[in-house]
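Visitor: I am new to this structure. Could you show it to me and take some questions?

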Amino acid sequence: MRLLRKHLCAIALSVCAVSTAGAAPLVEPTLHLKPQAGGSGRVALTLDACGGQTDTRILSALVDNRIPATIFVTGIWLKRNAAAVEIMRAHPDLFELENHGGRHIPAVDTPRKIYGIRSAGSPEAVLTEVESGAAALAGTGEPAPKWFRGATAEYSPSAIATIRKLGFKVAGFSINGDGGSLLGARETARRIAAAKDGDVIIAHINQPTHAAGEGVVQGLLALKAKGLTFVRLDDADGVGDDGTTD
């Protein structure tokens with residue numbers, strides 16, 4: 001019986017490995033702004049609000065320094081951060097709120113885990129994640145979102161096609177500013193400060209206890225001192241790969 005159990009476990013593991021190997025590879029799309037003649041360059045700051053609370057260090061710096069940003073919010077974060085949402089809504093010239101999904105579930109239509117997070121797992125579940133995120137935003141009185149960024153920013157190609165059919169552009173990025181909010185302040189500041197004309201930065205605004213938030217502020221102020229202009233995604237033409245914007 002013990003040998004049979006071991007044999008069955010080995011078969012199960014083998015089947016799982018074959019299934020994973022046979023699944024379509026995931027993509028992490030990039031996004032750049034189209035070049036603009038003249039000026040000192042433009043960059044787009046995108047901040048994910050996955051869950052948890054609000055990093056007021058970042059939010060205050062954006063308001064005080066008049067730095068526009070595109071904020072990708074989940075339904076979970078919206079429920080917990082009404083005060084931050086009101087601040088953002090009070091500055092419509094600075095903040096554009098976009099769709100990060102209803103429950104922060106990766107937009108991958110096959111069962112797997114990405115960075116330890118279980119994927120949507122089916123086309124129907126991807127639809128639910130995207131549509132529930134849009135509905136959560138509509139409940140705040142915000143304009144209908146035009147952009148979607150899934151949890152982990154990785155996608156199955158077929159899920160990207162599904163999201164595009166719903167009318168959303170998929171927001172990739174060209175600079176990972178804070179490594180999922182896990183980097184230290186110095187490295188985060190260095191990455192963000194290195195942004196050049198056309199870059200789209202991703203960082204997080206939902207981890208107030210992480211050192212990365214301090215680095216986000218430092219990096220943004222360094223870019224401002226260089227004379228770069230910050231734009232929201234809706235205010236600039238962005239070009240993404242993997243069929244995310246065309």
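This is a predicted model: local features need pLDDT of at least 70, side-chain atom pairs count only at pLDDT 80 or more; totals for chains, interfaces and linings use all residues.

Visitor: Are helix α7 and helix α8 roughly parallel or roughly antiparallel?
Guide: Helix α7 covers residues 185-193, and helix α8 covers residues 212-226. Their axes come within 7 Å and cross at roughly 30°. Angles under 35 degrees count as roughly parallel. Therefore α7 and α8 are roughly parallel.

Visitor: How many residues of the contact of α7 with α8 are nonpolar?
Guide: On the α7 side, the contact includes Ala185, Ala189 and Ile192. On the α8 side, Val216, Leu220 and Leu223 are among them. The contact also has 4 polar and 2 charged residues. The nonpolar residues number 9.

Visitor: At what angle do the axes of helix α2 and α8 cross?
Guide: Helix α2 spans residues 56-64. Its axis and that of α8 come within 8 Å. The two helices are roughly parallel because angles under 35 degrees count that way. The axes cross at roughly 20°.

Visitor: Which residues of α2 make the contact with α8?
Guide: The crossing of α2 and α8 is right-handed. From α8 come Gly213, Glu214, Val216, Val217 and Leu220. The contact divides into 6 nonpolar, 1 polar and 2 charged residues. From α2 come Arg57, Ile58, Ala61 and Leu62.

Visitor: How many aromatic pairs does the structure hold?
Guide: Rings pair if their centres lie within 6.5 Å. By that cut-off, the number of aromatic pairs is 0.

Visitor: Which residue lies over the face of Phe72?
Guide: Look at the ring of Phe72. At 4.6 Å from the ring centre lies Arg149.

Definitions and conventions
Residues are numbered from 1 along each chain as its sequence is written. Side-chain values use heavy atoms; hydrogens and water are left out. Axes are lines fitted to C-alpha atoms, for helices over the stretch in contact, and angles run from 0 to 180 degrees between N-to-C directions. Helices (H or I, at least four residues) and strands (E, at least two) are DSSP runs, numbered from the N terminus. Angles under 35 degrees count as roughly parallel, over 145 as roughly antiparallel, 65 to 115 as roughly perpendicular and the rest as oblique. Contact means heavy atoms within 4.5 Å. Ala, Val, Leu, Ile, Met, Phe, Trp, Tyr, Cys and Pro count as nonpolar, Asp, Glu, Lys and Arg as charged, and the others, Gly among them, as polar. Rings of Phe, Tyr and Trp (its six-membered ring) pair if their centres lie within 6.5 Å; planes under 30 degrees apart count as stacked, over 60 as edge-to-face and the rest as tilted. A charge sits over a ring if NZ of Lys or CZ of Arg is within 6 Å of the ring centre and within 35 degrees of the ring normal. A crossing is left-handed if the near helix is turned anticlockwise from the far one by less than a right angle, and right-handed if clockwise.
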